[in-house]
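Dear colleague,

Please find below the structure that I am handing over to you. My findings follow directly after it.

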Amino acid sequence: MRSSALILGFIVIFLTSSFTVQETVWLDQNLKETTKENAVYYKVGRNLKGKVSYFYKNKTLYRKVFYVDGKLDGFFNEYYHTGELRAV
């Protein structure tokens, strides 16, 4: 009985973690979707709601923006490849 509960627990954990994995969206220099080979930036997921982070291909933060109803809202932070703040 205990081993059945343990196996069931692993299955539940596996299934819930599988559903939370989000896809990587590859973006060109104009932040338009492209292939990984042609990408300059990427973001995780397709969400354009709330805070969204964009990254350089080398995994360094590029830009943090805020979206409301799928449109940019307010100021954003942009960073150099080094991680140093570029513009506010």
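**Salt bridges**

Glu78 forms a salt bridge with Arg86, and their closest N and O atoms are 3.6 Å apart; a salt bridge here is a side-chain nitrogen of Lys or Arg within 4 Å of a carboxyl oxygen of Asp or Glu. The model is a predicted one, in which local features need pLDDT of at least 70 and side-chain atom pairs count only at pLDDT 80 or more, while totals for chains, interfaces and linings use all residues. Residues are numbered from 1 along each chain as its sequence is written, and side-chain values use heavy atoms, with hydrogens and water left out.

With a relative accessible area of 9%, Glu78 is buried, whereas Arg86 is partly exposed at 45% (buried means under 20% relative accessible area, exposed over 50%, and partly exposed in between, with a 1.4 Å probe and protein chains only). Glu78 also meets the side chain of Arg63 in a salt bridge, at 2.5 Å from N to O. Because Glu78 lies in strand S6 (residues 77–79) and Arg63 in strand S4, this pair ties together parts that are 15 residues apart in sequence. Helices (H or I, at least four residues) and strands (E, at least two) are DSSP runs, numbered from the N terminus. Both Glu78 and Arg63 are buried.

The whole structure contains 4 salt bridges. One of them joins Glu23 to Arg46, with the closest N and O atoms 2.9 Å apart. Glu23 sits in the loop between helix H1 (2–20) and S1, and Arg46 in the loop between S2 and S3, 23 residues apart. Glu23 is partly exposed at 43% relative accessible area, and Arg46 is partly exposed at 47%. Salt bridges with shared partners join Glu23, Glu33 and Arg46 into one network.

**Aromatic pairs and the nonpolar core**

There are 5 aromatic pairs, counted when the ring centres of Phe, Tyr or Trp (its six-membered ring) lie within 6.5 Å; planes under 30 degrees apart are stacked, over 60 edge-to-face and the rest tilted. Trp26 and Tyr42 form a tilted pair, at 5.4 Å centre to centre and 50° between the planes. Trp26 belongs to strand S1 (residues 24–27) and Tyr42 to strand S2 (residues 41–44), 16 residues apart. Trp26 is buried at 19% relative accessible area, as is Tyr42 at 13%. The pair of Tyr56 and Tyr62 is edge-to-face, because the ring centres are 5.2 Å apart and the planes stand at 70°. Ring pairs also link Trp26, Tyr42 and Phe55 into a cluster.

Tyr56 and Tyr62 are both buried, and they belong to the largest nonpolar core, which has 9 residues, including Val25, Leu27 and Val52. Such a core is a set of buried Ala, Val, Leu, Ile, Met, Phe, Trp, Tyr and Cys residues joined through side-chain atoms within 4.5 Å. S1, strand S3 (50–56) and strand S4 (61–68) each supply at least two residues of this core.

**Positive phi angles**

Most residues other than glycine have a negative phi. Lys59 has a positive phi, near 80°, and lies in the loop between S3 and S4. Lys59 is exposed, at 65% relative accessibility. Asp69 likewise has a positive phi, of about 55°, and is found in the loop between S4 and strand S5 (71–72). Asp69 is exposed, at 73% relative accessibility.

Yours sincerely
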